[in-house]
Amino acid sequence: MSFNALILAGSRGGIDPVAAYAGVAHKALIDIGGRTMLARVVDAVRAAGAARILVSTADEAVRREALTLGAEPTAAEAGPSASAKRGLALAGAPLLLTTADHALLRAEWITTFLDAVPDDADIAALLARRETIERDAPATRRTYLRFADGDWSGCNLFWLATPAANLALDLWQQVERDRKRPWRIVRRLGVMPLVRYATGRLTLARALADIGGRVGVRARMVESPFGLAAVDVDKPADLDLVRGLIR
């Protein structure tokens with residue numbers, strides 16, 4: 001299967017603690033086993049069948065690395081959702097979306113995910129259960145969302161299947177803008193899904209369907225059989241873990 005892909009390699013501004021810990025200017029340029037994190041992600045995406053690979057960044061060194069890897073650098077916007085929207089406008093749908101700090105990424109995870117995306121999806125996300133993650137990476141510490149059907153963590157892999165995925169990215173932008181004003185997020189996401197979540201009656205699939213339905217997009221989830229797919233490099237301890245796993 002051939003597809004296009006976008007790798008987010010932006011920066012939150014200021015000193016990145018993981019980059020500082022590794023002694024490099026940008027997290028995407030951290031060396032792991034002789035390859036930068038960005039190179040590892042590009043390798044996996046290309047091996048999975050990506051024909052065109054965009055790298056969203058505002059860093060000149062990351063831009064040069066992307067060119068060396070045969071990828072297309074594109075200017076990062078103010079925030080990951082806006083960068084994703086720019087990438088979708090440039091490459092079109094369908095589009096695979098991932099991040100440059102997904103250093104363990106494997107082509108098998110991508111192809112398994114894409115094979116399992118429901119045919120009716122406008123946008124789909126790969127997620128892993130706590131027990132699957134703890135089975136494969138017992139030393140990792142992840143952030144979990146607790147739903148009626150278990151505790152889940154994201155895997156930084158998204159499939160923007162149709163142009164309607166833009167509606168989900170618009171909602172993502174609104175949530176980013178309102179992260180310090182939670183009442184606005186509640187208003188946009190809807191009260192009833194949050195009530196069901198608080199009372200332990202909301203499954204993850206229903207949550208995505210409810211949120212997608214509010215903006216007119218068919219949002220679906222795929223469960224990952226690979227616990228390591230949920231391990232990215234967000235903090236120095238993650239980098240130590242990933243380096244140890246790759247060794």
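Trainee: Which elements do the buried residues of α11 pack against?
Mentor: This is a predicted model, in which local features need pLDDT of at least 70, side-chain atom pairs count only at pLDDT 80 or more, and totals for chains, interfaces and linings use all residues. Residues are numbered from 1 along each chain as its sequence is written, and side-chain values use heavy atoms, with hydrogens and water left out. Buried means under 20% relative accessible area, exposed over 50%, partly exposed in between (1.4 Å probe, protein chains only). The buried residues of α11 pack against α1 (17–22) and β2 (31–32).

Trainee: Which residues of α11 are buried?
Mentor: Helices (H or I, at least four residues) and strands (E, at least two) are DSSP runs, numbered from the N terminus. Helix α11 spans residues 236–246, and its buried residues are D238, L239, L241 and V242.

Trainee: Which residues is V24 in contact with, leaving aside its neighbours within four places in sequence?
Mentor: V24 sits in the loop between α1 and β2. At 28% relative accessibility, V24 counts as partly exposed. With contact meaning heavy atoms within 4.5 Å, and those neighbours left aside, V24 touches A19, L29 and I30.

Trainee: How many residues of strand β4 are buried?
Mentor: Strand β4 covers residues 50–57 and is largely enclosed by the rest of the structure. The count of its eight residues that are buried is six.
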